[in-house]
Amino acid sequence: MITRKRLATGACALLAALSAALLPTGAAADEPVAKESPKVELVLDVSGSMRARDIDGQSRMAAAKQAFNEVLDAVPQEVRLGIRTLGADYPGPDRKRGCKDTRQLYPVGPLDRTEAKTAVATLAPTGWTPIGPALLGAADDLGTDGATKRIVLITDGEDTCAPLDPCQVAREIAAKGIHLVIDTLGLVPDARTRQQLTCIAEATGGTYTSVHRTEELSRRVRQLVDRAADPVVTPVATRGTDRCAGAPLLRPGLYTDRETFGQHRWYRVEVLPGQELRASVSIASDRAVHRDYGVLLRAVTLGGREIVRGSEAGDGRTDVISTGLRYPKAEREDDGPGDAKPAAETVCLQVSNSFSAPPSVRTTPGMPVELSVDVVDGPAGASDLASFGLGRGWWLLGVLVLTGFLAGLIWGWLSRWRVAVWRTN
């Protein structure tokens with residue numbers, strides 16, 4: 001009897017286990033679908049022109065290798081990264097062979113930093129500049145799955161393998177709908193190279209950056225790799241207006257727009273009491289401009305009172321200029337647990353520039369603008385730290401005034417005491 005009971009109990013337990021395994025549980029149904037890891041392929045120009053020694057006193061190839069080593073050290077763990085070269089193998093005059101000279105140096109996948117650095121170290125400036133075929137190869141390397149995909153092209157010259165126009169290649173890649181963005185970086189580019197690389201980037205919603213220093217190259221590539229790892233910061237196209245009324249209302253995120261020379265663009269952001277607005281703007285001079293220029297970012301109330309501003313000036317040494325601001329909005333003293341939800345303040349953001357160019361330079365389309373907006377919880381006991389542009393300087397100013405007042409009293413008392421002693425003696 002006991003044996004039969006044990007067998008029955010075991011059979012019931014086995015049946016229950018099988019039922020639990022076959023039927024979906026509530027926890028499993030609620031689990032989010034795993035997101036595919038982002039993919040990035042760095043496409044490096046290894047053509048003969050990369051021998052030129054005009055970046056920080058070293059060759060363009062040496063600068064690229066140094067930047068690559070720094071980038072590889074900083075690649076986020078979740079990014080699957082690959083490297084493709086163009087013009088690295090065939091040094092001869094045969095154009096047909098030279099325009100097929102592109103290969104994958106390191107496969108797209110989990111990064112072995114030592115192996116990737118070793119592969120890059122073996123490169124030497126060699127041949128042609130087949131940008132179009134390299135972009136097609138990189139697109140194939142990244143595949144057509146649902147992962148975030150990004151190509152970062154680093155080159156010092158325009159394509160030498162027309163009629164396969166790399167700009168048209170970028171348009172065809174964008175038309176496939178595989179969510180692939182191409183960013184381009186030009187090493188000491190001329191006007192034609194700048195135009196071609198800008199066209200490639202714009203065709204896929206990417207960015208173009210002109211680079212003249214190793215540090216600039218390393219920093220920009222790291223930014224682009226990080227952007228692939230965090231698709232939330234993918235820029236969203238917007239269009240500012242010529243005044244705050246009717247300007248687009250922006251939520252926290254990254255936005256792109258275009259602004260002509262000397263233009264003012266307005267945007268709106270809502271900030272609740274106890275929150276802090278953080279905004280920054282970058283403007284790229286994607287064409288020949290005069291050497292002296294600047295960018296201004298202002299936060300203004302609907303009534304026109306300036307809250308705080310940020311500004312930066314340049315002298316032609318870089319093609320991107322940036323500035324930013326922070327505005328912590330103080331909490332209302334009468335806010336309590338039973339009070340109604342406080343109303344948000346509408347802050348107007350004004351973006352202005354002082355770029356100018358020779359008459360022969362086209363002013364349309366405007367220059368690329370990248371605007372970052374974030375609204376976070378403000379510091380505990382926040383006050384209007386940005387009032388009148390002094391920020392936390394109010395505290396320092398008060399301390400200095402008090403210190404000066406006390407020092408004056410003490411010095412006056414000492415002076416009177418010394419005079420009294422002198423008269424007595």
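Trainee: Which cysteine forms a disulfide with Cys-244, and how far apart are the sulfur atoms?

Mentor: A disulfide here is a pair of cysteine sulfur atoms within 2.5 Å. Cys-244 is joined to Cys-348, with 1.9 Å between the sulfur atoms. Please remember that this is a predicted model: local features need pLDDT of at least 70 and side-chain atom pairs count only at pLDDT 80 or more, while totals for chains, interfaces and linings use all residues. Residues are numbered from 1 along each chain as its sequence is written, and side-chain values use heavy atoms, with hydrogens and water left out.

Trainee: What is the handedness of the link between Cys-244 and Cys-348, and where does each cysteine lie?

Mentor: The link is left-handed, with -75 degrees about the S-S bond. Cys-244 sits in the loop between S7 and S8 and Cys-348 in strand S14 (residues 345-353), so the bond ties together parts 104 residues apart in sequence. Those labels are DSSP runs numbered from the N terminus: helices are H or I with at least four residues, strands are E with at least two.

Trainee: Are Cys-244 and Cys-348 buried or exposed?

Mentor: Both are buried. That word means under 20% relative accessible area; exposed is over 50% and partly exposed lies in between (1.4 Å probe, protein chains only).

Trainee: In what order do the 5 strands of the open sheet run?

Mentor: Strands of a sheet pair through backbone hydrogen bonds, either parallel or antiparallel. In this analysis two strands pair if DSSP finds at least two bridges between them. The order is S7-S8-S15-S10-S13, with mixed pairing. S7 (236-237) and S13 (320-328) are the edge strands, each pairing on one side only. S7 and S8 (residues 253-259) run parallel, joined by 2 bridges; Ala-237 has Thr-256 in S8 as its bridge partner. S8 and S15 (residues 367-377) run antiparallel through 7 bridges, and S10 (residues 275-284) is antiparallel to S15, with 9 bridges.

Trainee: Which residue forms a salt bridge with Glu-276?

Mentor: Side chains of opposite charge can pair when their charged atoms come close. The cut-off is a side-chain nitrogen of Lys or Arg within 4 Å of a carboxyl oxygen of Asp or Glu. Glu-276 pairs with Arg-326, the closest N and O atoms being 2.8 Å apart. Glu-276 lies in S10 and Arg-326 in S13, so the pair ties together parts 50 residues apart in sequence. Glu-276 is buried, at 4% relative accessible area.

Trainee: How many salt bridges does a search of the whole structure find?

Mentor: It finds 20. Among them, Glu-41 meets Arg-84 at 3.6 Å, N to O. Glu-41 is in strand S1 and Arg-84 in strand S2, 43 residues apart, and both are buried. Lys-39, Asp-145 and Lys-149 are linked in a network of salt bridges.

Trainee: Which residues have the most contacts inside the largest nonpolar core?

Mentor: In soluble globular proteins, nonpolar side chains tend to be buried together. A core is a set of buried Ala, Val, Leu, Ile, Met, Phe, Trp, Tyr and Cys residues joined through side-chain atoms within 4.5 Å. The largest has 35 residues, and Leu-44, Ile-154, Leu-217 and Val-221 have the most contacts inside it. H3 gives the most to this core, with 7 residues.
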